[in-house]
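Biologist: I would like a close look at one part of a model. Please start with the whole, then zoom in.

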Amino acid sequence: MTDPAAQDPARSRPGYEDETAERLVAPAALRNAGPIAGMLAEVLADEAGPLLEIGAGSGQHAVAGARALPRMTWIPSDPDPVHLRSIRAWRTHEGLANLAEPMRIDATDDWSAATALTHGPLRAVFCANVIHIAPWRVAEGIVAGAARALGEGGRLILYGPFLETAGAAPSNLAFDRALQERDPEWGVRPLADVVALAALHRLTLERRIEMPANNLALVFAR
Ligand SMILES: C[S@@+](CC[C@H](N)C(=O)[O-])C[C@H]1O[C@@H](n2cnc3c(N)ncnc32)[C@H](O)[C@@H]1O
C-alpha cells in the first residue's frame, strides 16, 4: 500500500532520497554542500554575526554552513512548510549552537523588516539554487531585500548555474531549455542580468568563483 504521507503535498516533496522523512536528503546537496561550505568559509573568513539563508530547502547547507562558520549565526529560511519541517529536524538532530530556528520567508515579500527585527543588520545573505527554479521576481526580491537587510560591507552570495556571454557551458544551456519547458518563467539566469539587478540596489560584484559542475558562486558587497 502507498504511504499516504507520500501523497500529501503538506508532508512530502519529490526529489529527495526519502520524500516522507523528517530530515530530507537531497542528492545534489550531498555532493555540493562540502564545496559550498568551503567556499563560504574562505569568503567569510573574517566575518562574525548573522547570515541569512534564503530558500534553504532540506537544511543540509545550513548544517554544513553553520559548522564551517562557527563565528556566524546561520539563519535558514524557506517558504515551504515541508522544508521548514526538515530544517527544524536537521537542527534538532545536529544540535549546533550557531544554527538558528528557521524563518518562514518568501523572497517576493518584503522580508528584510522581519530579519532586522529578529537579528539586526545581517553580515551575509546566502542563496543556493533558487533563482533559476523560480520566476525572475524571486531574484528581484532576494537582491532588494539583501540590500536593505545587510549592514555596511555585508555580502550577498548567490550559488548556482549562470549563463555567461562567452563560453556558456553546454550543460547549462541544456538545463536552461529543460527549465523553460517545465515553466516559461524559470531559466538559468544570464550573469549580466544578475549583476545589473544587483547594481540597481548598489550591490557590487566582488568575486566570481568557479565551483564544481559548471556552477558559480557570486559574491556581492554592499
Ligand atoms: C532547488 S531548491 C534549493 C534548495 C537548497 N538551497 C539547495 O541548494 O539544496 C529551491 C528552494 O527555493 C525555495 N523557494 C521557492 N520559491 C521561493 C521564494 N519565492 N522565496 C524563497 N524561497 C523560495 C524552495 O522552497 C526550495 O527550498
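How many helices and how many strands does the secondary structure of the protein chain come to? After that, take me to Arg 13: in which loop is its place?

Modeller: First, the ground rules. This is a predicted model: local features need pLDDT of at least 70, side-chain atom pairs count only at pLDDT 80 or more, and totals for chains, interfaces and linings use all residues. Residues are numbered from 1 along each chain as its sequence is written.

Now the whole. The protein chain has eight helices and nine strands. Both are DSSP runs numbered from the N terminus: helices are H or I with at least four residues, strands are E with at least two. The C-alpha trace spans about 55 × 40 × 30 Å along its principal axes.

Next, confidence. pLDDT is the predictor's confidence in each residue, from 0 to 100. Its mean over the protein chain is 93, and 95% of the residues reach 70 or more. Over residues 1-6, however, the pLDDT is below 50. That stretch still has eight contacts in the model beyond near neighbours in sequence. Where pLDDT is low, predicted coordinates should not be read in detail.

Now zoom in. Arg 13 sits in the loop between α1 (4-7) and α2 (27-43). Is Arg 13 buried, exposed or partly exposed? A residue is buried if 20 or more other C-beta atoms lie within 10 Å of its own, exposed if 12 or fewer, and partly exposed in between; the C-beta atoms are placed from the backbone. Arg 13 counts as partly exposed because it has 16 C-beta neighbours inside 10 Å. Across the protein chain, 40% of the 222 residues count as buried.

Which residues does Arg 13 touch? Two residues are in contact if their C-beta atoms, placed from the backbone, lie within 7 Å. Leaving aside neighbours within four places in sequence, Arg 13 is in contact with Glu 19 and Val 82. Ala 116 is another matter. It is 103 residues from Arg 13 along the chain, and their C-alpha atoms are separated by 30 Å.

Arg 202 lies in the loop between α8 (191-200) and β8 (204-211). Arg 202 counts as exposed because it has 10 C-beta neighbours inside 10 Å. Its phi is positive, about 60°, although it is not a glycine. Asn 214 is in the loop between β8 and β9 (215-221). Asn 214 is partly exposed, with 16 other C-beta atoms within 10 Å. Its phi is positive too, near 60°.
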